[in-house]
Amino acid sequence: MKLSEQHKLGVAVIGLLLALKMLFVPWLAWVTEQTDEINQLLFNKAKLEQVERRSQQLLKQKTNIEKNFETLNTLWLDAPAAQVTVEAFQHLDKIAGEFGVELTNRSAAELTSDGAVLLPISLFASGTPEQIMVFIHALEHRQPLFQLSRATITRPNVVAKKVNANLELQMLVKPGGEL
Amino acid sequence: MTLEAASSQKTTRARFFILDRSCFREVVRNYKVSAFDLVRLVRNELTVLNAENNKVLWYVRRVSSGHYNVCYAVVHPTVSSGLGAGISVLIPETWLLYSLLTPEHIYRVESARTYWGYLSSQGTLHTTIVTGLMADSKLFANALGIMPQPNPQQLDLQQQVLNESFTLPLSLLPGAVIMRQSKQAVGPIDYNLWGKRIGMTLAGYCLVLSASLFGYKSYLNSSVETLKLSAEAVFSEQQILNQRQQQIDNYARLLQLSTDSTEIFAAIAEELGDSGQLERIQLSAERVQISGFAVSATTVLSKFAESNKFTEVKFDRNIQRVREQEAFSITMTYKAPSDAKAKSGVKDETL
């Protein structure tokens, strides 16, 4: 059976419409989807390239921060949490022994962490005024560092050569483990 | 009547025709103009000569700087219409004489018709048909005002063109080329063929676009992945640095707030001097309380009050007279020098 020219044209139009519906429209949707994804990728790429550029600035900051951190590393006590009190007392004993100061009483409280980690220590020391002065100076300037938060120095009587010092100190401690 | 030159190369599509003098009317113009104006003049002349469907050939010869000799050959439509489709090069035979004749020699040129030819030293070509009075070369020479030449040279143009090689000047070709499109009968449109062609083109376009999109997306994916890896390293580094900076800030603030206690003790000793004896010193940050004995408690107070290292100096309890001395208790605030605070070496810098 032969198709007439009109029928052929009709079949061709139907075929064309079917091809549009089944192939072209889905392909167009795919192209749109791909274009959107490409745009998103381009946006991500641009942002990540900005991060790359930021890393250059970071490198400059890093040097400064590392330098400060190294200084800080020499100021605080770097010890495991369980050993902090022991090492702090050993440090105190060492300095006291060096300057001939007698430590009559000492105690340490729990570590405090309000930004900086500190170990509160209170102690009673006995010695000549000069010994007590250099002892306090050493505590405040030797590393690891103590900060004197309160000090009471009394002389028992007018003729006494030795003075008693009640010191409340805070020792700088390295924050535990995370760095 | 034309002479068709034989082409030595079969692949050559252009056909060369040598036109004899009966096929064209020659017009020669001499212009003393710039090259730019020459183009305009030639174009205008062509417009004039092109009337009545004539085909005009042109040949520009440069005589000297700013002086041009332009030959026009007006070819009758009956001649040009006989040309087939494609590229044809029509060369009037007299234009060949510019290349073939030796200047200042009279030639007897054998062609469809025999004529005298003479090329002057200035490049002007003179031709006259050998007939009547002009059958004698002496009369031709006399007409030109040159010395008669007893034995004029012979030039068989047909022989020269067909059997001997000669070189055409390139400047001759632009004005001698005629292009004619073949006139094929336009049949009914083959929709099937065109449909296939359009379909193939569209399919090709879609394929190329799809492949390009896919390729570009893959490239971007790999770029982003690479950048992500390095960015993650940057972020992690940034996090560590921020953490460290935070700690530096915390400790630096703490260190800057503290005052060197030994400096306070030294300041107290310096200000007190021999004016009294201390029994008790109490420091709480920058707040200082001192207790002791002195001959004059007021003198002690005035010494601290006059010092620029202490402020808010006052007695904090009554002065008691004990034997010959006065027992005092003074509270005051230590004013640390501005440079004394930076003792840690840690700078409080924020990122």
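Predicted model: local features only at pLDDT ≥ 70, side-chain atom pairs only at ≥ 80, totals over all residues.

A residue is called buried when its relative accessible area is under 20% and exposed when that area is over 50%, while anything in between is called partly exposed. Because its relative accessibility is 30%, Q325(B) counts as partly exposed. Q325(B) belongs to strand 16 of chain B, which covers residues 325-334. If residues up to four places away in sequence are not counted, Q325(B) touches F293(B), A294(B), V295(B) and Q320(B). The C-alpha atom of Q325(B) is also separated by 7.2 Å from that of S296(B), although these two residues are 29 residues apart along the chain.

Which residues is K45(A) in contact with, once its neighbours within four places in sequence are left aside? They are Y219(B), L220(B), S223(B), V224(B) and L227(B), so that here a residue of chain A is in contact with residues of chain B.

We can turn next to pairs of charged side chains. Over all chains, the structure holds 13 salt bridges, among them one between D78(A) and K174(A), whose closest N and O atoms are 3.7 Å apart. This pair links distant parts of the chain, since D78(A) sits in the loop between helix 1 and helix 2 (84-99) of chain A, whereas K174(A) sits in the segment after strand 5 (163-173) of chain A, 96 residues apart. K174(A) has a relative accessible area of 17% and is therefore buried.

A second salt bridge joins the side chains of E98(A) and R142(A), at 2.6 Å from N to O. Here too the pair links distant parts of the chain, with E98(A) in helix 2 of chain A and R142(A) in the loop between helix 3 (129-141) and strand 4 (146-154) of chain A, 44 residues apart. E98(A) is partly exposed at 43% relative accessibility, and R142(A) is partly exposed at 30%.

In chain B, K309(B) forms a salt bridge with E270(B), and their closest N and O atoms are 3.0 Å apart. K309(B) lies in the loop between helix 8 (297-306) and strand 14 (310-315) of chain B, and E270(B) lies in helix 7 of chain B, so the pair ties together parts that are 39 residues apart in sequence. The relative accessible area of K309(B) is 27%, which means that K309(B) is partly exposed, while E270(B), with 53%, is exposed.

Finally, consider the space that the atoms leave open. The largest pocket has a volume of about 930 Å³, and its lining is made up of 21 residues, of which A12(A), L16(A), G195(B), K196(B) and G199(B) lie nearest its centre. Two or more lining residues come from each of helix 1 (5-75) of chain A and helix 6 (191-257) of chain B, and helix 1 of chain A gives the most, with eleven residues. Sorted by class, the lining of the largest pocket has 15 nonpolar, three polar and three charged residues.

Technical notes. Residues numbered from 1 in each chain as written. Chains lettered and ligands numbered in written order. Heavy atoms only, no water. 1 Å grid on protein atoms, 1.4 Å probe; cavity = no way out; pocket = protein on both sides within 12 Å on 5 of 7 lines; lining within 4 Å. Points joined across faces, edges and corners; volume = space filled by probe spheres on them. Helix = DSSP H or I, 4+ residues; strand = E, 2+ residues; numbered from the N terminus. Nonpolar A, V, L, I, M, F, W, Y, C, P; charged D, E, K, R; others polar. Salt bridge = Lys/Arg side-chain N within 4 Å of Asp/Glu carboxyl O. Buried < 20%, exposed > 50% of the residue type's maximum accessible area, 1.4 Å probe, protein only. Contact = heavy atoms within 4.5 Å.
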